[in-house]
Amino acid sequence: MTTTAPARTTARKLARFAGHYAEMVAAMLIGMVALGPLWPSAWLARPDVEALVMATNMTVAMVLAMALRRHSWPRIAEMAAVMYLPFVALLVPYWLGALSGTALMVAGHVIMFPLMLAAMVWRRAEYWH
(Lines give C-alpha, C1' and ligand atoms only; values in the text may rest on other atoms or scores of the structure.)
Protein backbone atom coordinates (compact mmCIF):
# COMPACT_ATOMS: atom_id res chain seq x y z
CA MET A 1 0.00 0.00 0.00
CA THR A 2 1.35 3.42 -0.91
CA THR A 3 0.50 6.64 0.76
CA THR A 4 0.82 10.13 -0.60
CA ALA A 5 1.38 13.33 1.28
CA PRO A 6 -1.68 15.55 1.47
CA ALA A 7 -1.68 18.39 -1.04
CA ARG A 8 -0.65 21.73 0.35
CA THR A 9 -3.32 24.39 0.51
CA THR A 10 -3.04 27.55 -1.55
CA ALA A 11 -2.47 29.56 1.63
CA ARG A 12 0.42 27.28 2.60
CA LYS A 13 1.94 27.55 -0.88
CA LEU A 14 1.62 31.33 -0.78
CA ALA A 15 3.27 31.42 2.64
CA ARG A 16 6.20 29.34 1.37
CA PHE A 17 6.46 31.55 -1.73
CA ALA A 18 6.55 34.70 0.42
CA GLY A 19 9.00 33.05 2.78
CA HIS A 20 11.29 32.20 -0.09
CA TYR A 21 11.21 35.82 -1.29
CA ALA A 22 12.00 36.98 2.25
CA GLU A 23 14.90 34.52 2.44
CA MET A 24 16.37 35.93 -0.76
CA VAL A 25 16.04 39.49 0.54
CA ALA A 26 17.68 38.46 3.84
CA ALA A 27 20.54 36.80 1.93
CA MET A 28 21.00 40.00 -0.07
CA LEU A 29 21.17 42.09 3.11
CA ILE A 30 23.71 39.68 4.59
CA GLY A 31 25.74 39.94 1.39
CA MET A 32 25.77 43.74 1.57
CA VAL A 33 26.97 43.69 5.18
CA ALA A 34 29.44 40.80 4.88
CA LEU A 35 31.00 41.63 1.51
CA GLY A 36 30.85 45.42 1.64
CA PRO A 37 34.05 45.88 3.66
CA LEU A 38 36.04 43.77 1.19
CA TRP A 39 36.00 46.41 -1.56
CA PRO A 40 38.55 49.25 -1.79
CA SER A 41 37.05 52.49 -0.53
CA ALA A 42 38.38 54.34 -3.59
CA TRP A 43 36.05 52.26 -5.77
CA LEU A 44 33.06 53.14 -3.65
CA ALA A 45 33.69 56.86 -4.14
CA ARG A 46 32.16 56.57 -7.63
CA PRO A 47 28.38 56.06 -7.52
CA ASP A 48 28.32 53.95 -10.69
CA VAL A 49 30.96 51.56 -9.37
CA GLU A 50 29.33 51.55 -5.93
CA ALA A 51 26.01 50.50 -7.52
CA LEU A 52 27.66 47.59 -9.32
CA VAL A 53 29.55 46.58 -6.17
CA MET A 54 26.28 46.63 -4.22
CA ALA A 55 24.58 44.52 -6.88
CA THR A 56 27.50 42.09 -6.78
CA ASN A 57 27.42 41.79 -2.99
CA MET A 58 23.70 41.08 -3.00
CA THR A 59 23.90 38.69 -5.93
CA VAL A 60 26.75 36.59 -4.53
CA ALA A 61 24.89 35.97 -1.28
CA MET A 62 21.57 35.33 -3.05
CA VAL A 63 23.23 32.85 -5.45
CA LEU A 64 24.70 30.97 -2.49
CA ALA A 65 21.32 30.88 -0.75
CA MET A 66 19.57 29.61 -3.89
CA ALA A 67 22.29 27.00 -4.49
CA LEU A 68 21.92 25.75 -0.91
CA ARG A 69 18.18 25.37 -1.54
CA ARG A 70 19.08 23.36 -4.66
CA HIS A 71 17.54 25.65 -7.23
CA SER A 72 18.49 24.93 -10.81
CA TRP A 73 21.44 26.85 -12.23
CA PRO A 74 19.35 28.39 -15.01
CA ARG A 75 16.95 29.85 -12.39
CA ILE A 76 19.87 31.06 -10.28
CA ALA A 77 21.44 32.76 -13.31
CA GLU A 78 18.08 34.26 -14.23
CA MET A 79 17.61 35.73 -10.75
CA ALA A 80 21.17 37.07 -10.74
CA ALA A 81 20.52 38.80 -14.08
CA VAL A 82 17.29 40.30 -12.72
CA MET A 83 19.25 41.77 -9.83
CA TYR A 84 21.85 43.44 -12.07
CA LEU A 85 19.48 44.61 -14.80
CA PRO A 86 18.09 47.73 -13.08
CA PHE A 87 21.53 49.00 -12.10
CA VAL A 88 23.03 48.38 -15.54
CA ALA A 89 20.05 50.00 -17.28
CA LEU A 90 20.26 53.05 -15.02
CA LEU A 91 23.97 53.58 -15.67
CA VAL A 92 23.26 55.23 -19.03
CA PRO A 93 21.03 57.98 -17.60
CA TYR A 94 23.53 58.43 -14.77
CA TRP A 95 26.44 58.81 -17.19
CA LEU A 96 24.40 61.28 -19.25
CA GLY A 97 23.76 63.36 -16.13
CA ALA A 98 20.03 62.67 -16.00
CA LEU A 99 20.31 60.79 -12.66
CA SER A 100 22.28 61.61 -9.55
CA GLY A 101 24.31 58.95 -7.78
CA THR A 102 21.70 58.75 -5.04
CA ALA A 103 18.90 58.38 -7.59
CA LEU A 104 20.86 55.62 -9.33
CA MET A 105 21.20 53.65 -6.09
CA VAL A 106 17.62 54.20 -4.90
CA ALA A 107 15.99 53.54 -8.27
CA GLY A 108 18.12 50.43 -8.81
CA HIS A 109 16.90 48.95 -5.53
CA VAL A 110 13.29 50.05 -6.01
CA ILE A 111 13.16 48.43 -9.46
CA MET A 112 15.10 45.31 -8.46
CA PHE A 113 12.64 44.05 -5.84
CA PRO A 114 9.53 43.94 -8.08
CA LEU A 115 11.63 42.43 -10.88
CA MET A 116 12.71 39.65 -8.54
CA LEU A 117 9.10 39.05 -7.61
CA ALA A 118 8.13 39.04 -11.29
CA ALA A 119 10.82 36.43 -12.03
CA MET A 120 9.49 34.29 -9.20
CA VAL A 121 5.91 34.57 -10.44
CA TRP A 122 7.03 33.85 -14.02
CA ARG A 123 8.76 30.66 -12.82
CA ARG A 124 6.30 29.85 -10.06
CA ALA A 125 6.81 26.10 -10.51
CA GLU A 126 10.30 26.68 -9.11
CA TYR A 127 9.10 28.71 -6.11
CA TRP A 128 5.43 27.80 -5.55
CA HIS A 129 5.33 24.47 -3.73
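**Figure 1. Arg 70, an exposed residue in the loop between H3 and H4.** At 73% relative accessibility, Arg 70 counts as exposed, and in this predicted model the residue sits in the loop that runs between H3 and H4. Although Arg 70 is not a glycine, its phi is positive, at about 65°, and this backbone value occurs just after H3.

**Figure 2. The whole protein chain, shown as context for the close-ups.** Along its principal axes the C-alpha trace spans about 65 × 30 × 25 Å. Of the 129 residues, 32% count as buried, while the chain as a whole exposes about 7800 Å², of which carbon and sulfur atoms supply 71%. Among contacts with a separation of 6 or more, 69% are accounted for by residues 24 or more positions apart.

**Figure 3. Helix H3 and the elements against which its buried residues pack.** Helix H3 covers residues 47-68, and its 22 residues reach 32 Å from the first C-alpha to the last, which is close to the 32 Å expected at 1.5 Å a residue. The buried residues of this helix are Asp 48, Ala 51, Val 53, Met 54, Ala 55, Asn 57, Met 58, Thr 59, Ala 61, Met 62, Val 63 and Met 66. These buried residues pack against H1, helix H2 (41-44), H4, helix H5 (101-122) and helix H6 (124-127).

**Figure 4. The largest nonpolar core and the surroundings of Met 116.** The largest nonpolar core has 28 residues, and those with the most contacts inside it are Met 62, Met 79 and Met 116. Two or more residues are given to this core by each of H1, H3, H4 and H5, with H4 giving the most, namely nine residues. Leaving aside neighbours within four places in sequence, Met 116 is in contact with Tyr 21, Met 24, Met 28, Met 79, Val 82 and Met 83. In soluble globular proteins, nonpolar side chains tend to be buried together.

**Figure 5. The salt bridge between Glu 23 and Arg 69.** Four salt bridges are counted in the model, and one of them joins Glu 23 to Arg 69, with the closest N and O atoms 2.8 Å apart. This pair links distant parts of the chain, since Glu 23 belongs to helix H1 and Arg 69 to the loop between H3 and H4, 46 residues apart. Glu 23 is partly exposed, with a relative accessible area of 40%, and Arg 69 also counts as partly exposed, at 38% relative accessibility.

Figure 6. Glu 78 forms a salt bridge with Arg 75, in which the closest N and O atoms are 3.3 Å apart, and both residues lie in helix H4, separated by three residues, or about one turn of the helix. An α-helix has 3.6 residues a turn, so residues three or four places apart point the same way. Arg 75 counts as buried because its relative accessibility is 17%, below the 20% cut-off, whereas Glu 78 counts as partly exposed at 22%. Glu 78 forms a further salt bridge with Arg 123, the closest N and O atoms being 3.0 Å apart. Since Glu 78 lies in helix H4 and Arg 123 in the loop between H5 and H6, this pair ties together parts that are 45 residues apart in sequence. Arg 123 is partly exposed, with a relative accessible area of 29%, and salt bridges that share partners join Arg 75, Glu 78 and Arg 123 into one network. Apart from its neighbours within four places in sequence, Arg 75 is in contact with Met 66, Arg 123, Glu 126 and Tyr 127.

**Figure 7. A nonpolar surface patch that includes Val 92.** Val 92, Trp 95 and Leu 96 form a nonpolar patch on the surface, and together they have about 370 Å² of accessible area.

**Figure 8. Val 33 in helix H1 and its separation from Met 54.** Val 33 lies in helix H1, which covers residues 10-35, and is exposed, with a relative accessible area of 66%. The C-alpha atoms of Val 33 and Met 54 are separated by 9.9 Å, the two residues being 21 residues apart along the chain. Met 54 is among the buried residues of H3.

Key:
Residues numbered from 1 in each chain as written. Predicted model: local features only at pLDDT ≥ 70, side-chain atom pairs only at ≥ 80, totals over all residues. Heavy atoms only, no water. Helix = DSSP H or I, 4+ residues; strand = E, 2+ residues; numbered from the N terminus. Buried < 20%, exposed > 50% of the residue type's maximum accessible area, 1.4 Å probe, protein only. Patch = residues over 30% accessible without salt bridge, like charges linked within 9 Å, V, L, I, M, F, W, Y side chains within 5 Å. Areas by Shrake-Rupley, 256 points an atom, 1.4 Å probe, with all protein chains shown as cover. Salt bridge = Lys/Arg side-chain N within 4 Å of Asp/Glu carboxyl O. Expected span 1.5 Å × (residues − 1). Contact = heavy atoms within 4.5 Å. Core = buried A, V, L, I, M, F, W, Y, C linked by side-chain atoms within 4.5 Å.
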